[in-house]
Amino acid sequence: MSGLGLTWTRLSPNRTVGRADSIRYVVIHTTENEQRSGVAWNVAVYIGGAAVKASSHLVIDDVDTVRVVEDRDTAWCAPGANASGLQIELVGRAAQSPADWDNGFARAQLERAAVAAAWWCEKYGIPARRLTVAELKAGKLKGFIGHHDATLAFGKSTHTDPGANFPWARFLARVAELLGCESPAAGDGTSSSGSPSSSSTNQTNQIGAKMPILDLNKTLSLPTYMRRLQALLTANGHATAIDGSAGPDTKAKLRAFQSAQRLAVDLICGPKTWNALLGLS
Ligand SMILES: [Zn+2]
């Protein structure tokens, strides 16, 4: 079971076992390949070659999310932010236009990336917020960065991915939606005001108890939390439409999930079911 939406795992020898620092960042990259289905697997094979000396945690295209390095290990991807980073390589190029980031391929790919990132946010207490270069340098806050931000902060690489047109606002809004909360940074993340984020938390084991109880036997009007439930069911392998309404398919998938987890099959999403969905039980 994985909440990352993995379709394949192909672990690379290019990694450092363990981490020299705590996980604080989700780092976004582009692979510098054309947007084409199936390329994520090809990239995973490529960075599985011992001579390559590079890796990331996940490689994502429109149809696949490929695990290359386990979360607990250090991927070699963004010098300066490797020990503290969870790295996502998106099949595409840093030079992509806004339209390139909004075509069918990119939309499906960004949804996959948002599901994986939201899972990491839950697990490691990372807010759906882009850090400024100054914040990254200071190393005190958790959040999202691009490879380019690490280049600017640490000067250990020349890479500028994922590029000037990466849709940060749209992407982080979707991550926040999957997390069931408002994005702390609704803007494009280029502000340098640097106000500290208050939404970062390590109390992940208490999340289930803080969530509202969704009783799908009744008529509900909590679309944000319904979408979160649906996204988590989908991320756990029980795919259903993320539309915020408790339809027959969502009910069937919740029953199947509760049954598979040996929980009471009661269509009530309470603390135990939330924690199971979040991989915390
Ligand atoms: Zn990169």
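## Sheet, helices and core of a predicted model

Strand β4 (residues 58–60) and strand β5 (residues 65–67) run antiparallel and are joined by three bridges. Helices (H or I, at least four residues) and strands (E, at least two) are DSSP runs, numbered from the N terminus, and two strands pair if DSSP finds at least two bridges between them. Within this pair, isoleucine 60 has threonine 65 of β5 as its bridge partner.

The structure is a predicted model, in which local features need pLDDT of at least 70 and side-chain atom pairs count only at pLDDT 80 or more, while totals for chains, interfaces and linings use all residues. Residue numbers start from 1 along each chain as its sequence is written.

**The sheet**

β4 and β5 belong to an open sheet of six strands with mixed pairing, in the order β1-β5-β4-β7-β3-β8. β1 (8–9) and β8 (143–146) stand at the edges with a single partner strand each, so one side of each has no neighbour in the sheet. The pairings of β3 and of β4 with β5 are set out below.

| Strand pair | Sense | Bridges | Example of bridge partners |
|---|---|---|---|
| β4 and β5 | antiparallel | three | isoleucine 60 and threonine 65 |
| β3 and β7 | parallel | six | valine 26 and leucine 86 |
| β3 and β8 | parallel | four | isoleucine 28 and glycine 146 |

In β3, six of six residues are buried; a residue is buried if 20 or more other C-beta atoms lie within 10 Å of its own, exposed if 12 or fewer, and partly exposed in between, with C-beta atoms placed from the backbone. In a regular strand the side chains alternate between the two faces of the sheet. In β3, Tyr25, Val27 and His29 point one way, and Val26, Ile28 and Thr30 point the other.

Leucine 86 is found in strand β7. Leucine 86 is buried, with 25 other C-beta atoms within 10 Å. Its contacts, not counting residues up to four places away in sequence, include Val26, His57 and Trp120; contact requires C-beta atoms, placed from the backbone, to lie within 7 Å.

**Helices on the sheet**

Helix α1 (residues 39–46) lies across β1, β4, β5 and β7 (85–90), running at about 150° to β4. Helix α2 lies across β3 (25–30), β4, β5 and β7, running at about 170° to β7. For these angles, axes are lines fitted to C-alpha atoms, for helices over the stretch in contact, and angles run from 0 to 180 degrees between N-to-C directions.

**The nonpolar core**

The largest nonpolar core has 68 residues, of which Val27, Ile88, Ala117 and Val175 touch the most other members. Helix α2 (residues 104–124) gives the most to this core, with 12 residues. Domain 1 (8–179) and domain 2 (204–277) both give residues to the core, so the core lies between them. Such a core is a set of buried Ala, Val, Leu, Ile, Met, Phe, Trp, Tyr and Cys residues joined through C-beta atoms within 7 Å; domain bounds come from an automatic or database domain assignment. Among the residues touched by isoleucine 88, not counting those up to four places away in sequence, are Val27, Leu58, Ala113 and Ala117.

**Helix α5**

The buried residues of α5 include Phe171, Leu172, Val175 and Leu179. Their cover includes α2, β8 and α7 (223–235). After α5 comes glycine 180, whose phi is positive, near 75°.

Notes: Two residues are in contact if their C-beta atoms, placed from the backbone, lie within 7 Å.
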